[in-house]
Amino acid sequence: MSTQQRDYPHQLASAPVVVGVDGSDGSDLAVRWAAEVAGRRGRQLLIVHGLDLVATQSLLGGYHVVPTSVVETVRTRGTKIVAAARRLAHEVAPEVDIAIEVSDSSPAHLLTHLSKTAHLVVLGATGNAGTIAHLGSTLLAVTSHGHGSIVVARPTDTGDQIRHDGPIVVGIDGSPVGEAAIAAAFGEASDRKTDLIALHSWSEWHFGEFAGQAESGRFSPAVETVEDAVLAERLAGWTEKYPDVPVTRKVYRTGPVDRLTEWSKSAQLIVIGSRGRGGFTDLLLGSTSIFLVQHAHCPVMVTRTA
């Protein structure tokens, strides 16, 4: 296996777009979004559903063996869910090669495993895979432990319609780890032939260094110049690689949550990294990412370096 295949399995021509389904409205939105991406990029669409038989066993009082009749009922329901999702995907992108899979595993384990070789993984933000009660077991588990890019298909303010205009917005910190988010954002902007907004929030992750100025409400112009330079440096190589992508840099003193949420009202996609510094510290596992996947007004892509 070549170095490229080991390091970049998500970019292989054989890497599918994977979407997890559960029959909910949020799941349908995820299918539509994933089908559009698969069609535009000429990739296979893999529709999957996890039966989670272990959870079923637990609900039945901890029996060592789930009754055959229950298994058959659960499996029949799962088969119907993926069949309906396949019909929907075909309506959206009739030219796409569609595969389906019904697994005994939990949705979180299934999607996390498939993310190792997927081009990207998509799941809905509502329904069984995205309610607050299930964030820890499914949605948050996949975004926390998945590989490559995980997309949470959030609906827009106009309902469950997919927004086809507006920019791609990426949250950038000052660390090399953010390169994965930058790479994904440029790729998405180029693919969709739209602008890229590069957002850098610095007041929180430099708070200790500039605490005196922050407390007095005064920030030296030199500080803003440095932060703008940090952002320009992070983008330099990527603007050369993607000369077709118009880039606008935005440097903010305030934290990323409000800014990213506001931009999500007009963006096609918000892209964030799996971890960072200060304002983006523990972005994947902390309150920022949890807020975005619950409240953003467009899909949110969480990227990881591996």
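Which residues in helix 2 meet helix 4, and which residues in helix 4 do they meet? In this predicted model, D28, V31, R32, A35 and E36 are the ones from helix 2, and their partners in helix 4 are A85, L88, A89 and V92. Sorted by kind, the residues of this contact are six nonpolar, no polar and three charged.

Let's look at how the two helices lie. Two packed helices are described by the angle between their axes and the distance between the axes. Helix 4 covers residues 68-92, and its axis lies 9 Å from that of helix 2, at an angle of about 40°. Because of that angle, helix 2 counts as oblique to helix 4. Their crossing is right-handed.

In soluble globular proteins, nonpolar side chains tend to be buried together. Here the largest nonpolar core has 45 residues, and V19, L45, I47, V122 and V271 have the most contacts inside it. Helix 2, residues 25-41, gives the most to this core, with eight residues. Apart from it lies another core of 17 residues, including A108, L139, A141 and V142.

Beyond its neighbours within four places in sequence, V271 is in contact with I168, V169, V170, G171, A181, A184, A185, M301 and T303.

Our last stop is E188, found in helix 7, residues 179-192. Is E188 buried or exposed? E188 counts as buried because its relative accessibility is 4%. Leaving out neighbours within four places in sequence, E188 is in contact with R41, L120, I168, L269 and M301. The C-alpha atoms of E188 and V245 are 9.8 Å apart, with the two residues separated by 57 residues along the chain.

Conventions
Residues numbered from 1 in each chain as written. Predicted model: local features only at pLDDT ≥ 70, side-chain atom pairs only at ≥ 80, totals over all residues. Heavy atoms only, no water. Core = buried A, V, L, I, M, F, W, Y, C linked by side-chain atoms within 4.5 Å. Buried < 20%, exposed > 50% of the residue type's maximum accessible area, 1.4 Å probe, protein only. Helix = DSSP H or I, 4+ residues; strand = E, 2+ residues; numbered from the N terminus. Contact = heavy atoms within 4.5 Å. Axes fitted to C-alpha atoms, helices over the stretch in contact; angles between N-to-C directions. Parallel < 35°, antiparallel > 145°, perpendicular 65-115°, else oblique. Left-handed = near helix turned anticlockwise from the far one by under 90°. Nonpolar A, V, L, I, M, F, W, Y, C, P; charged D, E, K, R; others polar.
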